[in-house]
Amino acid sequence: MNLWQSFLLEIFEVYGLSPKERAIFLAKFPDENTFKSNKEVAEVAIAEKNYDIPSNPETVERQMRNIYNKRYYPKDNLEGFLGNKYMRSEEKDAAFLAWLKSKYLNWRSSQRSAFSTGDRTPAISCNPFIPQAGKVDDPQLFFGRKPEIEKVFDFLNNNDSVVLIGEEGIGKSSLLSAICQQAKNLLLSPRKPIYLDLNRVRDNDDFYTALCEEVGIPNSYGNTLYRNLKNHRVLLAIDNIEKMTREGFTREVRDSLRSLAEGQKAPLKLIVAASAPLKRLFNDSQDQETSPLETICQPENIKPWDEATARDFIQARLAMTSVRFTDEKISQLVQESGGHPRRLMQVCYQNYARYVEDVK
């Protein structure tokens with residue numbers, strides 16, 4: 001869960017959105033700079049088989065009208081959104097996102113103020129162990145993985161592509177995001193970092209469309225895609241590549257990626273995140289005894305943190321607050337989590353929350 005999603009979850013509680021309204025809302029406003037059309041939200045429902053989201057654009061529009069006019073309308077001294085003067089749905093969506101973003105920036109500022117390590121003692125009620133799940137995409141909250149980052153950029157600077165291999169929740173998505181953020185400073189040959197999460201892509205065609213949109217070239221594939229890309233230099237970060245095992249994806253797209261990423265002057269260099277080795281993920285690769293991406297991607301296994309790193313992480317997050325855990329408690333949390341970053345975050349969050357509740 002990123003900061004934007006954490007913010008949304010808080011205001012969902014404040015304004016009393018139902019689970020179905022929350023699902024629609026998250027699909028409608030995926031980040032602080034984007035809103036999707038009603039048609040795109042309906043397509044998300046179909047692609048992700050999310051039955052909380054209507055698969056009909058007109059139904060999405062009616063639901064959003066209800067959210068604007070009933071949930072977020074000012075009431076009981078609660079500040080709200082006055083967007084009724086906007087007649088067109090797109091205009092209302094844009095105005096609402098602007099209203100929402102202003103609240104988000106204030107919320108984020110208050111979060112950082114509470115995490116301040118200056119002379120002022122921060123409020124202990126602000127739990128520093130966030131996000132509990134999902135990608136950490138805020139550089140200020142990303143922790144560790146320095147050896148892995150150095151090794152990845154060694155590979156990339158030697159014209160290799162890379163696959164990050166690790167279990168669910170080990171931190172691959174967060175590491176992928178950090179690599180994209182640091183590419184400007186650490187890549188010897190500049191490339192534009194592009195992050196694609198395959199959770200949002202449903203098939204080969206959707207993948208090519210997303211890639212072309214991010215690069216800024218006409219929608220294309222095959223040799224036309226190569227011609228359109230040949231004057232570009234892109235670091236393509238693909239998250240959750242195991243989603244390419246779903247129906248709608250074929251070996252063709254992986255063969256195409258390989259052809260675009262081979263050679264020193266290749267338009268693409270790849271860094272992909274996978275839950276298992278690439279040859280094991282794709283059955284067609286096993287049948288043909290070759291794996292298109294495995295042969296060009298150097299593996300980097302992402303493992304749980306060692307005890308020293310896990311301890312440093314806990315102490316770094318607690319340094320943002322006035323709270324301290326005993327050495328015995330830290331040892332217990334490290335042992336309980338096995339150094340697994342997501343589990344460690346969750347057990348620390350729970351223990352911090354219990355401490356605050358006891359203080360109250």
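Let's start with Tyr72: leaving aside neighbours within four places in sequence, Tyr72 is in contact (heavy atoms within 4.5 Å) with Ile11, Phe12, Tyr15, Leu17, Phe25, Ile67, Gly80, Phe81, Phe96 and Trp99. This is a predicted model, where local features need pLDDT of at least 70 and side-chain atom pairs count only at pLDDT 80 or more, while totals for chains, interfaces and linings use all residues. Residues are numbered from 1 along each chain as its sequence is written, and side-chain values use heavy atoms, with hydrogens and water left out.

**Cores**
- Tyr72 is among the residues with the most contacts inside the largest nonpolar core, which has 56 residues.
- A nonpolar core here is a set of buried Ala, Val, Leu, Ile, Met, Phe, Trp, Tyr and Cys residues joined through side-chain atoms within 4.5 Å.
- There's also a second, separate core of 36 residues, including Leu229 and Cys297.

**Helix α6**
- Helix α6 covers residues 146–157; helices are DSSP runs of H or I, at least four residues, numbered from the N terminus.
- Its buried residues (under 20% relative accessible area, 1.4 Å probe, protein chains only) are Glu148, Ile149, Val152, Phe153, Phe155 and Leu156.
- Those buried residues fall within an arc of 155° seen down the axis of α6 (using directions from the axis to the C-beta atoms), so they line one face of the helix.
- Lys146 and Pro147 are exposed (over 50%) on the face turned away from the buried side.

**Confidence**
- Mean pLDDT (the predictor's confidence in each residue, from 0 to 100) is 84 for the protein chain.
- Over residues 113–124, pLDDT stays under 50.

Terms used. Helix = DSSP H or I, 4+ residues; strand = E, 2+ residues; numbered from the N terminus. Expected span 1.5 Å × (residues − 1).
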